[in-house]
Amino acid sequence: MNTAMAETATLKNHPVVSKDRWLAQRKALLAREKELTHLRDQIARERRALPWTRVEKNYVFDAPEGRRALADLFDGRRQLLVQHFMLGPDWEQGCPSCSFMADHIEGMRLHLAHRDTALLVVSRAPLAEIERFRQRMGWQFKWVSAHDSDFNYDYAVSFKPQEWAEGKGEVFYNYSVRPFPAQEAPGISVFYKDDAGEIFHTYSTYERGVEVMMGTYNLVDLTPKGRDEHNPLYPMDWVRHHDRYEPEPVAKPQASGGGCCHAQG
């Protein structure tokens with residue numbers, strides 16, 4: 001029996017108990033959830049305590065308003081969150097999973113701004129290609145091109161073709177050398193600018209670490225079906241660009257036991 005069939009069988013035959021028994025088990029789970037919350041808080045403290053590295057290069061990006069240095073992209077704030085979005089040169093469209101991440105940005109931007117934090121999306125595609133895709137998706141957030149910059153290479157989310165080929169698809173990603181199927185990868189990086197204008201790299205996360213931007217996952221994790229992903233090599237194969245999903249299915253009428261309201265005319 002495959003995973004999908006096993007999960008379907010579990011849903012159909014799921015235990016149903018009295019309210020008292022449900023409450024007892026829910027309280028036991030709550031204790032575990034609190035452990036996770038406290039652990040998450042502790043890890044966040046350890047993350048903030050990490051040492052920083054000074055950004056030595058003068059990275060310059062193509063933005064809709066012209067060429068902009070990294071320092072200009074903080075928008076007057078001290079902290080900058082960067083989504084490394086997989087949209088390489090000559091790509092027809094952005095990565096669906098990165099688009100899934102970006103779909104969550106609009107609701108967060110204002111709140112981040114009030115926490116002294118700017119949010120920026122960066123890709124290696126030329127700005128014209130970024131703008132074409134951004135308009136298609138209807139996004140309003142700031143998105144710049146690192147096309148002529150080492151930025152993506154230095155933060156280990158883009159891999160030069162020769163290096164990728166020589167390594168036979170193995171690259172330095174997520175802090176280790178490992179196989180990666182493409183020359184662009186997802187990630188999130190964090191920067192801080194001090195009063196003197198110096199910029200520091202404080203943190204980067206990759207692979208499943210980028211799920212911090214995927215609020216949808218937090219909600220589906222609460223449901224009986226969970227993420228409902230069954231492809232071990234590419235669990236997010238269900239994700240589509242938000243303008244490429246099939247129409248939502250129309251709910252079918254519930255079966256009726258009959259009666260005058262349902263009688264055929």
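**Entry 1. Lining of the largest pocket**

I sorted the lining of the largest pocket by class and got 21 nonpolar, seven polar and eight charged residues. Here Ala, Val, Leu, Ile, Met, Phe, Trp, Tyr, Cys and Pro count as nonpolar, Asp, Glu, Lys and Arg as charged, and the others, Gly among them, as polar.

I note that this is a predicted model, in which local features need pLDDT of at least 70 and side-chain atom pairs pLDDT 80 or more, while totals for chains, interfaces and linings use all residues. Residues are numbered from 1 along each chain as its sequence is written, and side-chain values use heavy atoms, with hydrogens and water left out.

I looked up the volume of the largest pocket, which is about 1500 Å³. Of its 36 lining residues, Arg40, Ala44, Arg47, Gly209 and Val212 are the closest to the centre. A pocket is an open set of points on a 1 Å grid over the protein atoms alone, where a 1.4 Å probe fits, with protein on both sides within 12 Å along at least five of seven lines; lining residues have an atom within 4 Å of a point. Grid points are joined across faces, edges and corners, and the volume is the space filled by probe spheres set on them.

I then listed the elements that give two or more residues to this lining: α2 (19-49), β4 (79-84), α4 (106-113), β5 (117-123), β9 (187-193), β10 (199-206) and α8 (215-220). The largest share, eight residues, comes from α2. Helices (H or I, at least four residues) and strands (E, at least two) are DSSP runs numbered from the N terminus.

**Entry 2. Second largest pocket**

I found about 710 Å³ of space in the second largest pocket. It has 25 lining residues, with Ser97, Pro186, Tyr234, Pro235 and Met236 nearest its centre. α3 (96-102) and β8 (176-179) each supply at least two lining residues, and α3 gives the most, with three. By class I recorded 18 nonpolar, one polar and six charged residues.

I placed Gly215 in helix α8. Its relative accessible area is 28%, so Gly215 is partly exposed (buried is under 20%, exposed over 50%, partly exposed in between; 1.4 Å probe, protein chains only). The C-alpha atoms of Gly215 and Ile105 are separated by 9.9 Å, at 110 residues apart along the chain.

I located Val17 in the loop between α1 (3-12) and α2. Val17 counts as partly exposed because its relative accessibility is 33%.
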